[in-house]
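Student: I would like to go through this structure by question and answer. Please show it before we start.

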Amino acid sequence: FVLLRMGDVLQVLWDNPLEHWAAEHDLAFLHPTFILIGLLVLVVVFLLLSLRGSKKRPKGSIHLITGITNSGKTTLYARLYRGSFDKTVSSLLENEAKFPLSGHDNEDKIYHIVDYPGHLEVKNKLFSDFVPNAKSIIFMVDAVNFPAQVRDVAGYLYMLLMNKSVNDLEIPILVACNKSEMITAQEPEKIRKQLEKELNQLRETRTSMPGIQGENADDEDEFYLGYENQPFEFTHLPFEVEFVSCSVAKPSLDAVISYLERD
């Protein structure tokens, strides 16, 4: 009623030639009342979208190194931290520190890096304490043993891709294909395609069994991996997933360091 009265007032105060023209050509929707209502609707929609966007919290500060066991996570962490190639053993404890990248020119730049174990029995802490505070994720893959580990790798990666924090914050993921110096190492593009195929099959299995698509209730209720009715591709995700070759046994870690420097 108020909007209609405001339109009548506008009509009295402003004898709009456009209104007469609209009436003669059966364009009644150009009546000032309808124009005013349309403008108010646009303003309300804009405000709602602005409020919704403002609630999205920023990414955290952690560069998180993870992946299945024996993929080179801790060795990469040691290389970045001390520059040395250390022999490591599997552990259930994470390594965490803030430091400049070893051997890097800019020693004033400090990186917060966490090396998290790949054992599934400690995944709850990974998703509760570290992933929500991640700025980026480096997912390590053993490129030599990948053919035998593809299901385990895909299962672990699936948990990350379906995670609510990863999707809400659009946390980028670097899949670092380790042991690239070895002749039997799989190329990153081949690993990407194999993972897409395996993840597609995993998605079909999970979605055919209600209640287990994601790793927890929040994930499964809100997210679907990729596009429905299309074979899964990493480009379908709302965040970037990049594949690179690397070798923690070789002096150069250019691909990983370039990735970390993007902030």
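The questions below go from the whole chain to single residues.

Tutor: This is a predicted model, in which local features need pLDDT of at least 70, side-chain atom pairs count only at pLDDT 80 or more, and totals for chains, interfaces and linings use all residues. Residues are numbered from 1 along each chain as its sequence is written, and side-chain values use heavy atoms, with hydrogens and water left out.

Student: How many helices and strands does the protein chain have?

Tutor: Helices (H or I, at least four residues) and strands (E, at least two) are DSSP runs, numbered from the N terminus. By that assignment the protein chain has 10 helices and six strands.

Student: What percentage of the contacts in the protein chain with a separation of 6 or more is between residues 24 or more positions apart?

Tutor: A contact means heavy atoms within 4.5 Å. Among contacts with a separation of 6 or more, the share from residues 24 or more positions apart is 71%.

Student: What percentage of the 263 residues is buried?

Tutor: Buried means under 20% relative accessible area, exposed over 50%, and partly exposed in between (1.4 Å probe, protein chains only). Of the 263 residues in the protein chain, the buried share is 41%.

Student: At which residue does H6 bend?

Tutor: H6 covers residues 146-161, and its end C-alpha atoms are only 19 Å apart, against the 22 Å that a straight helix would reach. That expected span is 1.5 Å times one less than the number of residues. The bend at a residue is the angle between axes fitted to the seven residues ending there and the seven starting there. In H6 the bend is about 35°, at Asp-152.

Student: Which residues does Glu-196 touch, not counting those up to four places away in sequence?

Tutor: Glu-196 is placed in helix H8 (residues 188-207). With a relative accessible area of 10%, Glu-196 is buried. Its contacts beyond four places in sequence are Phe-232, Glu-233 and Phe-234.

Student: What kind of aromatic pair do Tyr-77 and Phe-99 form?

Tutor: Rings of Phe, Tyr and Trp (its six-membered ring) pair if their centres lie within 6.5 Å; planes under 30 degrees apart count as stacked, over 60 as edge-to-face and the rest as tilted. By this rule there are seven aromatic pairs. For Tyr-77 and Phe-99, the centres are 5.9 Å apart and the planes stand at 85°, making the pair edge-to-face.

Student: How many residues apart in sequence are the parts that this pair ties together?

Tutor: Tyr-77 is in helix H4 (residues 73-82) and Phe-99 in strand S2 (residues 95-99), so the pair joins parts separated along the sequence. Tyr-77 is buried at 6% relative accessibility, and Phe-99 is buried at 3%. The separation in sequence is 22 residues.

Student: Is the pair of Tyr-81 and Phe-99 stacked or edge-to-face?

Tutor: The ring centres of Tyr-81 and Phe-99 are 4.3 Å apart and their planes meet at 15°, so the pair is stacked. Tyr-81 is in helix H4 and Phe-99 in strand S2, so this pair ties together parts 18 residues apart in sequence. Tyr-81 is partly exposed, at 35%. Ring pairs link Tyr-77, Tyr-81 and Phe-99 into a cluster, and the pair of Tyr-81 and Phe-99 within it is stacked.

Student: How far apart are the C-alpha atoms of Thr-69 and His-119?

Tutor: Thr-69 lies in the loop between strand S1 (62-67) and H4, and is partly exposed at 27% relative accessibility. Leaving aside neighbours within four places in sequence, Thr-69 contacts Ser-90, Gly-118 and His-119. Thr-69 and His-119 are 50 residues apart along the chain, and their C-alpha atoms are separated by 6.4 Å.

Student: What is the phi of Asn-229?

Tutor: Most residues other than glycine have a negative phi. Asn-229 lies in the loop between helix H9 (217-222) and strand S6 (241-245), and is exposed at 79% relative accessibility. Although Asn-229 is not a glycine, its phi is positive, at about 65°.
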